[in-house]
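Here are my notes on the model you sent over. Please read them with the structure open.

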Amino acid sequence: MKFSVTKQDLESALRVVHPSLGSADGDITAHYVFRQNGSREDGYRIEVITVSGLVLSSCPVVAQIDNSSENGSCTIEGKRLKTWLANVNDAVLTFVFNEAESVVVATAPKGRQ
């Protein structure tokens with residue numbers, strides 16, 4: 001799964017779902033889940049999801065999907081993503097999930113994480 005999104009659009013979506021982001025280290029509730037949904041005919045979309053155990057939040061992300069796979073998804077730890085976003089300029093950010101290695105690589109014009 002590979003998608004590109006502006007920093008501003010990503011931060012807008014994260015603000016919507018942040019209230020239900022958990023804080024337990026190493027727990028899935030402390031992660032943002034990025035999920036591709038839709039169909040090839042209707043166009044694929046990305047949504048970001050958080051769940052605290054009691055509350056689930058979801059928000060569509062304005063993104064360009066560059067490499068679609070049926071029902072792709074990945075997670076990124078909330079505090080890592082927040083720290084990275086605080087240190088990148090306003091630009092188009094690219095996220096690539098390598099299923100074989102279970103790794104998400106986030107790339108900005110001046111660096112990658």
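The points below go from the overall fold to single residues.

1. **Ground rules.** This is a predicted model, in which local features need pLDDT of at least 70, side-chain atom pairs count only at pLDDT 80 or more, and totals for chains, interfaces and linings use all residues. Residues are numbered from 1 along each chain as its sequence is written, and side-chain values use heavy atoms, with hydrogens and water left out.

2. **Fold.** The protein has 2 helices and 9 strands. These are DSSP runs numbered from the N terminus, helices being H or I with at least four residues and strands being E with at least two. In sequence order the pattern is β-α-β-β-β-β-β-α-β-β-β.

3. **Dimensions.** The radius of gyration is 13 Å, which agrees with the value near 13 Å for a compact globule of 113 residues. That radius is taken over C-alpha atoms, and the globule rule is 2.2 Å times the number of residues to the power 0.38. The C-alpha trace spans about 35 × 30 × 30 Å along its principal axes.

4. Of the 113 residues, 40% are buried. Here buried means under 20% relative accessible area, exposed means over 50%, and partly exposed lies in between (1.4 Å probe, protein chains only). A contact means heavy atoms within 4.5 Å. Among contacts with a separation of 6 or more, 57% join residues 24 or more positions apart.

5. How many salt bridges does the structure hold? It holds 2, a salt bridge being a side-chain nitrogen of Lys or Arg within 4 Å of a carboxyl oxygen of Asp or Glu. In one of them, arginine 35 pairs with glutamate 47, with 2.3 Å between the closest N and O atoms. Arginine 35 is in strand E2 (residues 31-39) and glutamate 47 in strand E3 (residues 43-51), so the pair ties together parts 12 residues apart in sequence. Arginine 35 is partly exposed at 38% relative accessibility, whereas glutamate 47 is buried at 11%.

6. **Arginine 80 and glutamate 77.** These side chains also meet in a salt bridge, at 2.8 Å from N to O. Arginine 80 is exposed, with 56% relative accessible area. Glutamate 77 counts as buried, at 16%.

7. **Phenylalanine 34.** Beyond its neighbours within four places in sequence, its contacts include Met1, Phe3, Leu10, Leu14, Ile46, Val48 and Leu81. Glu47 is also in contact with phenylalanine 34.

8. **Serine 73.** Serine 73 belongs to strand E6 (residues 73-77). Its relative accessible area is 36%, so serine 73 counts as partly exposed. Leaving out residues up to four places away, serine 73 touches Met1, Phe34, Arg35 and Phe97. Its C-alpha lies 8.9 Å from that of isoleucine 46, which is 27 residues away in sequence.

9. **Alanine 30.** Alanine 30 sits in the loop between helix H1 (7-17) and E2. Even so, alanine 30 is buried, at 7% relative accessible area. Past its neighbours within four places, its contacts are Leu21, Gly22, Ser23, Ala24, Glu77 and Gly78.

10. **Serine 102.** One backbone angle deserves a look: phi of serine 102 is near 55°, a positive value in a residue other than glycine. Serine 102 is in the loop between strand E7 (92-98) and strand E8 (103-108). At 60% relative accessibility, serine 102 is exposed.
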